[in-house]
Amino acid sequence: MQVEIKVLKKDEDNLRLLIRGVTVPYVNALRRIVLSEVPCMAIDEIVMVENSSILQDEIIAHRLGLIPLKTDLDGYNLPEECPCKSEFGCNLCRVTFALDAEAKEGSRTIYSGDLKSESESVVPVSDKIPIVKLAKEQKIRLEAYARLGKGRNHAKWQPVSMCTYKYFPNIEISKKCSVCGKCVEMCPRKVLVKTDNKIEVRDLMACTLCQDCAEACPENPRAITVSGEEDVYIFNIESTQALSPERILTEAVKTLDKQLKEIESQIKVKKSEED
Ligand code: SF4
Ligand code: SF4
Ligand SMILES: [Zn+2]
């Protein structure tokens, strides 16, 4: 079957695709690779110089790790692949951030925007993420080190806040429909709408295939049927802004391709050993 991909929605952070002609294992493998194999930058280590805030060093380290960072995938190496082979890293596999803040005149909230990065391309995706609130005269001074990593090691290295797929919905309303409107009332996603003398589909993409509408139908047999189209999916990526959704998808496809080739070559080796 020929594979067909159509972009249903695309903006800075979201990508929604209609994929036709692949199997569930393929589309699910793609989703899992997006979540666990596409690398992005995250703070991984800190050196605390001074911390008189109410939060312990570990909590601040944890909060810093969860700040999404704009990632320059072409400019940095994964630490395990970097030629430096150093556990401290080098400027090809590590980005240093500094934080030096004090609440001089009253309480002050320290935000991600107070972090100073040594790299112009690796910075927090937003300046407005709170890290800690300092009371008057409290101080915080630290150095933080960001590295590329993968979601399979820690969720802070997931470049997406969401990656999902669902079957493409297909809703059919038969001539037996009495236009009682029960299905419209039951639908939690407002997919259906009742017009003068018929039921219409208002927003097909919003349908979750929950079947609540069909179960509410008083007709026997039911006048409404909802099913998922075989081998047709809606695939959603919502980026944390670390990478563009297109780049996340391209990297995932490349990784899947590489993994499949590796399996193929291993099967060939095994076969030639047996021959
Ligand atoms: S299956 Fe669920 S979401 Fe879809 S139209 Fe019916 S009630 Fe609405
Ligand atoms: S519940 Fe059944 S009969 Fe009533 S409007 Fe919906 S499809 Fe028609
Ligand atoms: Zn290095």
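Which residues do ring pairs link into a cluster?

Analyst: Ring pairs join Tyr 165, Tyr 167 and Tyr 233 into a cluster. First, the ground rules. The model is predicted, with local features needing pLDDT of at least 70, side-chain atom pairs counted only at pLDDT 80 or more, and totals for chains, interfaces and linings using all residues. Residues are numbered from 1 along each chain as its sequence is written, chains are lettered from A and ligands numbered from 1 in the order in which they are written, and side-chain values use heavy atoms, with hydrogens and water left out.

Now the rings. A search of the whole structure gives 2 aromatic pairs. Tyr 165 and Tyr 233 make an edge-to-face pair, 6.1 Å centre to centre, with 85° between the planes. This pair links distant parts of the chain: Tyr 165 is in strand S9 (residues 160–173), Tyr 233 is in strand S12 (residues 224–239), and 68 residues separate them. The terms are simple. Rings of Phe, Tyr and Trp (its six-membered ring) pair if their centres lie within 6.5 Å; planes under 30 degrees apart are stacked, over 60 edge-to-face, and the rest tilted. Helices (H or I, at least four residues) and strands (E, at least two) are DSSP runs, numbered from the N terminus.

Tyr 233 is buried, at 0% relative accessible area. Tyr 165 is partly exposed, at 25%. Buried means under 20% relative accessible area, exposed over 50%, and partly exposed in between (1.4 Å probe, protein chains only).

The charged end of Lys 156 sits over the ring of Trp 157, 4.8 Å from the ring centre. The test asks for NZ of Lys or CZ of Arg within 6 Å of the ring centre and within 35 degrees of the ring normal.

Pro 221 lies between helix H4 (212–216) and S12. The peptide bond from Asn 220 to Pro 221 is cis, with omega near -5°.

Gln 211 is not a glycine, yet it has a positive phi of about 75°. Gln 211 is partly exposed, with a relative accessible area of 27%. Thr 208 is found in the loop between S11 and H4 too. Thr 208 counts as partly exposed at 38%. From Thr 208 to Val 226 is 18 residues in sequence and 9.8 Å in space, C-alpha to C-alpha.

Gln 211 also brings in a ligand. Ligand 1 has 13 residues around it, and the nearest are Cys 187, Cys 207, Cys 210, Gln 211 and Cys 213. That shell holds 9 nonpolar, 2 polar and 2 charged residues. Around ligand 2 there are 13 residues, the closest being Cys 177, Cys 180, Gly 181, Cys 183 and Cys 217. The ligand 2 shell divides into 9 nonpolar, 2 polar and 2 charged. A residue is near a molecule or strand if one of its heavy atoms lies within 4 Å of it. Ala, Val, Leu, Ile, Met, Phe, Trp, Tyr, Cys and Pro count as nonpolar, Asp, Glu, Lys and Arg as charged, and the others, Gly among them, as polar.

Ligand 3 is a zinc ion, coordinated through SG by Cys 82, Cys 84, Cys 90 and Cys 93 at 2.2 to 2.3 Å. Donors are N, O and S atoms within 2.8 Å of the metal (3.2 Å for Na, K and Ca); water is not among the atoms, so sites may look incomplete. The zinc donors follow the spacing C-x1-C-x5-C-x2-C. The site is tetrahedral, with angles of 103 to 114° among its 4 donor atoms. Four donors count as tetrahedral if all angles lie between 85 and 135 degrees. Ideal angles for four tetrahedral donors are 109.5 degrees. Cys 82 is buried, at 1%. Cys 90 is buried as well, at 19%.

Lys 85 lies in the loop between helix H2 (57–65) and strand S4 (95–102). Lys 85 has a positive phi of about 50° without being a glycine. At 66%, Lys 85 counts as exposed. Asp 72 is placed in the loop between H2 and S4. Asp 72 is partly exposed, at 24%. Asp 72 and Cys 40 are 32 residues apart in sequence and 8.2 Å apart in space, C-alpha to C-alpha.

Notes. Four donors count as tetrahedral if all angles lie between 85 and 135 degrees; four count as square planar and six as octahedral if opposite donors are over 155 degrees apart and all others between 65 and 115; anything else is irregular.
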